[in-house]
Amino acid sequence: MKKDDPFGFDMSVSSSKKKNPRGRRGMSGASETSTRVCDHEGCQEAGKYRAPKSPDILDDYYWFCQQHVREYNLKWNFFDTTSEAELAAQMDQDRVWERPTKPFKRTVEERAWARLGVDDPHQVLGANATQNPGRGTTAGRKLPPTERRAIEILEAKDSWSKPEIRKAYKALIKVLHPDMNGGDRSQEEQLAEVVWAWDQVKVSRNFREKD
């Protein structure tokens, strides 16, 4: 139901089109309001169909009648002046929608390990570095929740002795401590967890004192 505007304004789309018919197009693509003559030499028909002048000037148009715009479109080639190398480069860009994938940057952890001469941080875990043993493998013996959490943080096993766990602790300190990793302080929160975890193991009676 149409309601009258108390201020006398008609904001409907149909009203706007009536007031400003400029550029209206019919179903065939013809500009109904165009008063141009066809740009084809010798043709006096109305130029109601626009076509870009060149691939480099896509916002400047010729205006043709229906017959001559069809002829023009049949001859149109966007890559007419493009070299083979430019065409190949354009095809490569089109494959990724002109948004090429950027190379992955090394993580903070990888850079820290690299400073210690280890290219792959997982090398320190041995041959099974890429295997995920699951959460249940460290539950070989009963430990208090705090000590079980400490073992997980230190990436150790509950069957290790204190000296073995201390080695794992020192290896993590070298990676996380700013004084040993080139001043990188982005991992101080993780460093605090590692220190807390070693404090739990250090005073525990559940781990052997010697190997």
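**Notebook: Ser186 and the helices around it**

Entry 1. I began with Ser186, which is exposed, with a relative accessible area of 52%. The model I am reading is a predicted one. I located Ser186 in the loop between H6 and H7. I then looked up its side chain and found a polar contact of 2.8 Å with the side chain of Asp184. I also checked the distance back to Leu176, which lies 10 residues away along the chain; the two C-alpha atoms are 8.6 Å apart.

Entry 2. How do the axes of H6 and H7 cross? I found that they come within 10 Å and cross at roughly 165°. Angles over 145 degrees count as roughly antiparallel, and H6 is therefore roughly antiparallel to H7. The crossing of H6 past H7 is left-handed. On the H6 side, I listed Lys162, Ile165, Arg166, Tyr169, Leu172, Ile173 and Leu176 as making the contact. On the H7 side, the contact is made by Gln190, Leu191, Val194, Val195, Trp198, Val201 and Lys202.

Entry 3. I then turned to H5 and its packing against H7. Their axes are 8 Å apart, and the angle is about 130°. This angle makes H5 oblique to H7. I noted a left-handed crossing for H5 past H7. The H5 residues that meet H7 are Thr146, Glu147, Arg149, Ala150, Ile151 and Ile153. Their counterparts in H7 are Glu193, Val194, Trp196, Ala197, Gln200 and Val201.

Entry 4. Which residues of helix H5 are buried? Within residues 145–153, I recorded Glu147, Arg148, Ala150, Ile151 and Ile153 as buried. The cover over these buried residues includes helix H6 (162–176) and helix H7 (188–202).

Entry 5. I looked for the largest nonpolar core and found that it has 18 residues. Those that touch the most other members are Ile151, Leu154, Ile165, Val194 and Val201. Each of H5, H6 and H7 supplies at least two residues of this core. H6 gives the largest share, six residues. I followed Val194 further. Leaving aside neighbours within four places in sequence, Val194 is in contact with Ile153, Leu154, Tyr169, Leu172, Ile173 and Leu176. I also recorded a second, separate core of nine residues, which includes Tyr49, Phe64, Cys65 and Val69.

Entry 6. I examined Glu155, placed in the loop between H5 and H6. Is Glu155 buried, partly exposed or exposed? It is partly exposed, with a relative accessible area of 48%. Its phi is near 55°, a positive value in a residue other than glycine. For comparison, I noted that most residues other than glycine have a negative phi. The position of this positive phi is just after H5.

Entry 7. I moved on to the segment after H7, where Ser204 is found. Ser204 is buried, with a relative accessible area of 4%; the cut-off for buried is under 20%. What does the side chain of Ser204 make a polar contact with? I found the side chain of Glu147 at 2.9 Å, and Glu147 is itself one of the buried residues of H5.

Entry 8. His68 is buried, with a relative accessible area of 11%. Setting aside residues up to four places away in sequence, His68 touches Cys38, His40 and Cys43.

Entry 9. How many helices and strands does the chain have? I counted seven helices and two strands. From the N terminus on, the order of the elements is α-β-β-α-α-α-α-α-α. Of the 211 residues in the chain, 24% are buried. Among contacts with a separation of 6 or more, 38% are between residues 24 or more positions apart.

Technical notes
Residues are numbered from 1 along each chain as its sequence is written. This is a predicted model: local features need pLDDT of at least 70, side-chain atom pairs count only at pLDDT 80 or more; totals for chains, interfaces and linings use all residues. Side-chain values use heavy atoms; hydrogens and water are left out. Buried means under 20% relative accessible area, exposed over 50%, partly exposed in between (1.4 Å probe, protein chains only). Helices (H or I, at least four residues) and strands (E, at least two) are DSSP runs, numbered from the N terminus. Contact means heavy atoms within 4.5 Å. A nonpolar core is a set of buried Ala, Val, Leu, Ile, Met, Phe, Trp, Tyr and Cys residues joined through side-chain atoms within 4.5 Å. A polar contact is a pair of N or O atoms within 3.5 Å; within protein, one must be able to donate a hydrogen and the other to accept it, and residues adjacent in sequence count only if both atoms are side-chain atoms. Axes are lines fitted to C-alpha atoms, for helices over the stretch in contact, and angles run from 0 to 180 degrees between N-to-C directions. Angles under 35 degrees count as roughly parallel, over 145 as roughly antiparallel, 65 to 115 as roughly perpendicular and the rest as oblique. A crossing is left-handed if the near helix is turned anticlockwise from the far one by less than a right angle, and right-handed if clockwise.
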